[in-house]
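Hi,

Here's the structure I promised you.

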Amino acid sequence: MPELPEVETTLRGIESAITGQVIRSIRVRQSSLRWPVNPNLAQLVEGQTVIRLSRRAKYLLMHLEHGSMLVHLGMSGSLRIVQPNTELRKHDHIEMCMGNGSVLRFHDPRRFGCWLWSEGPHQQLSQLGPEPLSEDFNGHRLYQLSRRRKVAVKPFIMDNKTVVGVGNIYASEALFRSGIRPDRSAGNISLQRYTELAGHIQEVLAAAILQGGTTLRDFVNGNGEPGYFQQTLAVYGRGGETCVACAGLLKEIKLGQRSSVFCPRCQR
DNA sequence: ACACTAACCTGCAAGC
DNA sequence: TGCTTGCAGGTTAGTG
């Protein structure tokens, strides 16, 4: 469910309900996530006010008065604002009740997500590359980092040290828009093509944010509404179907155990 | 340093 | 109908 546009959509969906509100209570029903939830989380954060929300890579940060909670949605996580009496669903692992009566629920069937409290910087954020929609990300960076690298270009752009927030969906789409085969060696691609690729990564992420993200199975924003970008997907999830540009057959391969769909005619 | 694999976990769809 | 298999939006830890 969550790549960068989905996390951004989630942030925008929940921020008005919880920013400036005091945390009245927080309850953890399942603490066994990607990393264990701090058993003292409730006493650590209850009574603190949420100053603001922010996003770094696919992490969502809730800044409180004395620290921050770092939330990741993993593969299947979601955050929703619900009415106080809304029935609990299976896999609703964490619930946070705010001073204004809003209730935030963290739902994550596969439990690859996390919810970490820290009074200082979060270690998870210390080694990350630049944000894709920032000035620090461009074709020169891709070109320089990739010299003499044999890794395929798709896993290269999905590596968080290269640039953050580019997951399987948007990596596939950006490579298609750029006419680059996902299995080409990263080290053999020219500066000019990397400049185009960087632009297409930014374009595809920005477009997905505008459309509220991609809903594949059950992604919903903070208010329970789906995203619409899946209607725009040209290659992701379309192996064996026809190319939107040349009507040829789309091919599906595995790269780093992630399925990768591309058009052998349009992408070289 | 780099390239690649396995692992974490549940749900769902396809195949037999 | 029911069982088995494989696959899914991410990231880290471990191997060679």
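Two strands count as paired if DSSP finds at least two bridges between them. With that in hand, and bearing in mind that this is a predicted model, here's what turned up.

Start with β3 (residues 59-64) and β4 (residues 67-72): they pair antiparallel over six bridges. To find your way on screen, pick Leu61, whose bridge partner in β4 is Leu70. Both strands belong to an open four-stranded sheet with antiparallel pairing, in the order β2-β3-β4-β8. At its edges sit β2 (50-56) and β8 (114-118), each pairing on one side only. On average, neighbouring strands in this sheet are turned by 20° against each other, ignoring direction. Helix α1 (residues 4-18) lies across β2 and β3, and runs at about 175° to β2.

Then there's another pairing to look at. Strand β5 (residues 78-82) is joined to β7 (residues 103-107) by five bridges, and the two run antiparallel. Leu79 has Phe106 as its bridge partner in β7. Is β5 mostly covered or mostly open? Mostly covered, with four of its five residues buried.

Now the DNA, which I guess is what you'll want to see. Which residues surround DNA strand B? They are Lys90, Pro109, Arg110, Arg111, Phe112, Arg149, Lys150, Val151, Gly256 and Gln257. By type, the surface near DNA strand B splits into five charged residues, three nonpolar and two polar.

Cheers

Conventions: Residues numbered from 1 in each chain as written. Chains lettered and ligands numbered in written order. Predicted model: local features only at pLDDT ≥ 70, side-chain atom pairs only at ≥ 80, totals over all residues. Near = placed C-beta within 6 Å. Nonpolar A, V, L, I, M, F, W, Y, C, P; charged D, E, K, R; others polar. Buried ≥ 20, exposed ≤ 12 C-beta atoms within 10 Å, placed from the backbone. Axes fitted to C-alpha atoms, helices over the stretch in contact; angles between N-to-C directions. Contact = placed C-beta atoms within 7 Å.
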